[in-house]
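Reader: I've got the sequence and the fold up on my screen. Could you walk me through a few of the side-chain contacts and strand pairings?

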Amino acid sequence: MASTLKVQNIQHTGGTAAQTIQTSGAVSTPNIPFCRITVAGSSNPSYGGSINDTVPITISNARGVTTPATNQFGVSTTGIYRWEGNFRFSSGTSGNYYWLALYDVTNSRHHNSSTINGTFDSFHIPYKLVLPDDTSSFGTVNFSHIYQLEAGNAYKIVAGISGGDTHVYERTQTEMTLIWVG
């Protein structure tokens, strides 16, 4: 026996709207955490060495994403998040590689690959590498990964270059997004 449930709005028991079903059948979920992440500052920041550099970031267009400290972010809802974007480096030499990773500040560990349900690889950097072009010494890391992020934890983005050379984070050619997917 088939039955039909007719509903337009689904609310939390506290009365806040959680979902709306449009007449077309589209379902809107208005409170999904997300943000845009860019390199902070008015010029391209420069760093030296192969140490674990904290990338200076700006969080914008955010919902449900917090900034617990300078160059850190957190999420208001524990869940699976997609972190994707492109990150452009310059000023390295063609023999070196660039790397980029998401770092869990609260638990002192790297998220090096798609990290779900507590599986972490805390001793390996990087999760993502790119070699610069032989003639221009530019390198762009393009990535899309999913992670389980915990509400209340602080996270930061770390980057570096092998060989100890100075490198530059190309502010206007770098953009990342973070969005809760479930």
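## Contacts and pairings

Reader: Let's begin with Glu175: buried, partly exposed or exposed?

Author: Keep in mind that this is a predicted model. Glu175 has 35% relative accessibility, so the label is partly exposed.

Reader: Which side chain does Glu175 meet in a salt bridge?

Author: A search of the whole structure turns up one salt bridge. Its N to O distance is 3.1 Å, and the cut-off is 4 Å. The partner of Glu175 is Arg36.

Reader: Do β4 and β17 pair in the parallel or antiparallel sense, and over how many bridges?

Author: Strand β17 covers residues 175-180. Ile37 stands opposite Met176 of β17. The two strands pair in the antiparallel sense, and the bridge count is four.

Reader: Switching to the rings: is the pair of Phe87 and Tyr169 stacked or edge-to-face?

Author: By the ring-pairing rule the count is six aromatic pairs. In the pair of Phe87 and Tyr169, the centres are 5.4 Å apart and the planes make an angle of 75°. Planes over 60 degrees apart count as edge-to-face, so with an angle of 75° the pair is edge-to-face.

Reader: Which strands hold Phe87 and Tyr169?

Author: Both Phe87 and Tyr169 are buried. The pair links distant parts of the chain, 82 residues apart. Phe87 sits in β10 (residues 79-90) and Tyr169 in β16 (residues 167-169).

Reader: Which residues form one aromatic cluster with Trp83?

Author: Rings pair when their centres lie within 6.5 Å. The cluster that holds Trp83 also takes in Phe143 and Tyr147.

Reader: Last one: what accessible area does the nonpolar patch of Leu5, Val7 and Ile10 have together?

Author: Ile10, found in strand β1 (residues 9-11), is partly exposed at 35% relative accessibility. Patch residues need over 30% relative accessible area. Leu5, Val7 and Ile10 together have an accessible area of about 280 Å².

Methods. Residues are numbered from 1 along each chain as its sequence is written. This is a predicted model: local features need pLDDT of at least 70, side-chain atom pairs count only at pLDDT 80 or more; totals for chains, interfaces and linings use all residues. Side-chain values use heavy atoms; hydrogens and water are left out. Rings of Phe, Tyr and Trp (its six-membered ring) pair if their centres lie within 6.5 Å; planes under 30 degrees apart count as stacked, over 60 as edge-to-face and the rest as tilted. Buried means under 20% relative accessible area, exposed over 50%, partly exposed in between (1.4 Å probe, protein chains only). Patches are made of residues with over 30% relative accessible area and no salt bridge: like charges are joined within 9 Å, nonpolar side chains (Val, Leu, Ile, Met, Phe, Trp, Tyr) within 5 Å. Accessible areas come from the Shrake-Rupley method with a 1.4 Å probe; for residues, only the protein chains shown count as cover. Two strands pair if DSSP finds at least two bridges between them.
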